[in-house]
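Biologist: I have the file open and would like to go through it with you. Could you take my questions as they come?

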Amino acid sequence: MTAEDWQAVQLTALLAAVSSLLLLAFALPFSWWLAHWHNRMKPIVLAFIALPLVMPPTVLGFYLLVAFSPNHPFGAMWQSWFGSPLTFSFTGLVLGSMVYSLPFAVQPLYSGFSQFNHQLLAEAKVLHISKSTLWRRVILPACLPAILVSLGLSFAHTLGEFGVVLMIGGSIPGETRVVSIALFEHVESLNFTQAHQLAAVLTGFSFFMLMLLYSSGRKRRVAWNWT
Amino acid sequence: MELDLTIVRDTAMLGRVAVQFKEKVATVGIFGVSGAGKSTLLSAIAGLLPSSTGQLNWDGHTISPATTSPLLSLVFQRPALFPHMTIGEQLHMVAARPLRRLSAVSDISEGCQISHLLNKRPHQLSGGETQRAGLARALSYGPSVLLLDEPFSALDWDTRIQLQQYLRAWQNKHDVNIIMVSHQLEDLSAYCDGLIKFDGFEAVDFGSSDQVLQRHFHGAAPDEQVSVIRGKLLEVNSESNAVALEVEGVTIQVKSAITHRGHGTFILHPQQIITDRSDGVHPSLLNALIGEVVSITGTQDGNKLVGIKVGETALLAAVNKLAFERKPFVVGESITARFGVV
């Protein structure tokens with residue numbers, strides 16, 4: 001593989017790691033709230049979160065491109081705060097990946113929190129256990145399988161991102177040129193050997209990630225019922 | 001003790017309970033039919049239904065249902081133990097921030113008979129062990145008011161009486177007040193000073209245990225598969241878990257955690273009574289009352305409940321299906337009720 005391709009592999013891994021960790025930090029409290037929120041509007045919120053599952057990535061990428069553009073209030077606000085635009089930047093890719101992988105992070109956690117035995121919360125109340133202890137010693141250990149699935153799926157899903165990256169990131173080496181974009185460019189230039197190498201890296205890594213998730217799920221006797 | 005509570009779940013008002021015990025009571029029992037709202041009342045007192053209003057005043061403590069008062073703790077009928085911790089870890093976690101450190105975790109574990117379970121996880125425990133672990137966990141917190149929902153329902157007779165004796169000793173030593181919900185009047189009559197009869201989310205009767213039980217069973221045969229004995233407690237033998245009662249002029253020994261001495265109404269489970277044909281019983285046999293069969297009813301498992309009347313005392317005895325079929329009892333027949341304990 002060329003140095004540029006290695007750079008793309010490293011960038012992809014970094015993008016997947018950063019966006020899946022940030023997504024987990026957001027999805028944990030959000031999913032807990034969602035699992036305990038009872039309102040007629042709930043189906044609308046659930047459908048909105050699940051949109052990236054069914055929407056063509058180019059459509060999502062197009063909307064994100066518009067929102068990130070300095071001509072849009074959000075893009076303009078970002079630029080005035082941080083001094084650089086979101087479009088065609090690594091930060092823009094991280095934000096885009098978080099939106100793109102949102103359902104993959106939220107749904108396993110939502111499912112895990114919905115199935116959580118709520119009597120445990122009542123027990124913690126009448127035993128006067130602090131909230132931090134409750135989360136650390138009861139909720140997080142009980143929901144650890146769901147957390148691992150959430151983290152693993154959002155990481156694996158970000159690895160294979162193409163349409164959204166193409167729309168909001170383009171192909172700037174070291175900044176936005178991820179493996180899937182590099183692979184596409186190799187195919188366009190008929191460099192099939194290099195394309196095969198990158199495709200093998202992506203396939204192998206994705207397979208490894210899923211295998212890790214499945215074996216961890218089996219050890220913890222967790223059914224793969226995350227949707 | 002004074003309880004005035006309007007029970008509200010979310011926005012629905014379920015009922016209002018207003019009771020006041022003029023005499024001092026340390027333990028109040030709540031009984032009533034299934035669905036009467038007993039467990040909901042406990043949840044409301046514990047602050048788990050925060051829309052409820054009112055308060056509980058007991059020995060200078062005031063508890064509001066709007067929040068979970070640090071003064072109290074609750075043991076659910078089926079305690080949910082924290083699944084990823086050993087029983088010992090759970091007890092130490094609760095004991096780390098106690099209201100009052102009343103007893104060491106090791107003492108409580110021994111008293112609740114779970115010392116051998118401290119390194120086990122909840123899924124390795126039976127129903128009775130889970131119930132004892134749940135009780136031990138709440139005791140580790142050291143509450144001033146302890147709410148218990150059917151605390152002994154999953155325990156066998158021996159364990160039940162031993163646990164009641166430990167709990168009573170612990171309660172007396174540390175000055176703890178207890179509210180106990182049970183549909184088993186044997187437990188309540190043995191343990192509680194005061195009783196509340198509950199129905200439709202309302203207190204339909206309350207007062208001292210003796211008075212409430214007398215009113216509950218007045219003019220009617222025991223209808224809740226229990227035996228009602230009017231008698232006098234003569235002696236308590238804590239080693240054999242037996243108490244001596246004087247009933248209809250005869251002294252009998254029964255296995256029970258009763259400690260309040262003097263005249264009273266005592267409730268026994270039919271399984272605590274053994275029946276014999278009176279014609280085959282030697283008159284010198286100790287621990288027996290001779291009475292007349294007044295009713296025979298079936299139970300769900302095919303066994304029979306035989307009602308026996310001894311003077312003013314009404315008893316129910318459980319008779320094994322096969323034993324009954326070999327030689328059925330008939331109404332009007334004279335039989336002996338034995339209390340096979342010691």
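This is a predicted model: local features need pLDDT of at least 70, side-chain atom pairs count only at pLDDT 80 or more; totals for chains, interfaces and linings use all residues.

Biologist: What do the averages look like, chain by chain?

Modeller: Chain A averages a pLDDT of 89, with 95% of the residues at 70 or above, and chain B averages 86, with 93% of the residues scoring at least 70. Within chain B, confidence is lowest in strand β14 (residues 262–268), at a mean of 76, and highest in β6(B), at 96. For the complex, the predictor gives an ipTM of 0.78 and a pTM of 0.77.

Biologist: Back to chain A, then: how many helices and how many strands?

Modeller: Chain A has twelve helices and zero strands, where helices (H or I, at least four residues) and strands (E, at least two) are DSSP runs, numbered from the N terminus. Its C-alpha trace spans about 65 × 45 × 30 Å along the principal axes.

Biologist: Which stretches does UniProt annotate as "transmembrane region"?

Modeller: The unreviewed UniProt entry places that annotation on residues 12–32, 44–66, 86–106, 138–157 and 195–214 of chain A; positions are given in the numbering used here, feature names are shortened, and annotations may be inferred rather than shown by experiment. In the model, residues 195–214 of chain A are 100% helix and 0% strand, with end C-alpha atoms 28 Å apart, whereas residues 86–106 of chain A are 76% helix and 0% strand, with the ends 24 Å apart.

Biologist: How many residues does each chain put into the contact between them?

Modeller: Chain B contributes 19 residues and chain A contributes 15. On the chain B side, β6 (72–75), α2 (87–95) and α4 (127–141) each supply at least two residues, and α4(B) gives the most, with three. By class, that side has 14 nonpolar, three polar and two charged residues, counting Ala, Val, Leu, Ile, Met, Phe, Trp, Tyr, Cys and Pro as nonpolar, Asp, Glu, Lys and Arg as charged, and the others, Gly among them, as polar.

Biologist: And how is chain B divided into domains?

Modeller: Chain B splits into domain 1 (2–211) and domain 2 (219–338), with bounds that come from an automatic or database domain assignment. Their centres, taken over C-alpha atoms, are 30 Å apart, and the contact takes twelve residues from domain 1 of chain B and 15 residues from domain 2 of chain B. On the domain 1 side, α5(B) gives the most, with six residues.

Biologist: Which residues touch the most other members of the largest nonpolar core?

Modeller: I45(B), L147(B) and A317(B) do, in a core of 137 residues. Such a core is a set of buried Ala, Val, Leu, Ile, Met, Phe, Trp, Tyr and Cys residues joined through C-beta atoms within 7 Å, and a residue is buried if 20 or more other C-beta atoms lie within 10 Å of its own. Domain 1 (2–211) and domain 2 (219–338) of chain B both give residues to this core, so it lies between them.

Terms used:
Residues are numbered from 1 along each chain as its sequence is written. Chains are lettered from A and ligands numbered from 1 in the order in which they are written. Two residues are in contact if their C-beta atoms, placed from the backbone, lie within 7 Å. pLDDT is the predictor's confidence in each residue, from 0 to 100. A residue is buried if 20 or more other C-beta atoms lie within 10 Å of its own, exposed if 12 or fewer, and partly exposed in between; C-beta atoms are placed from the backbone.
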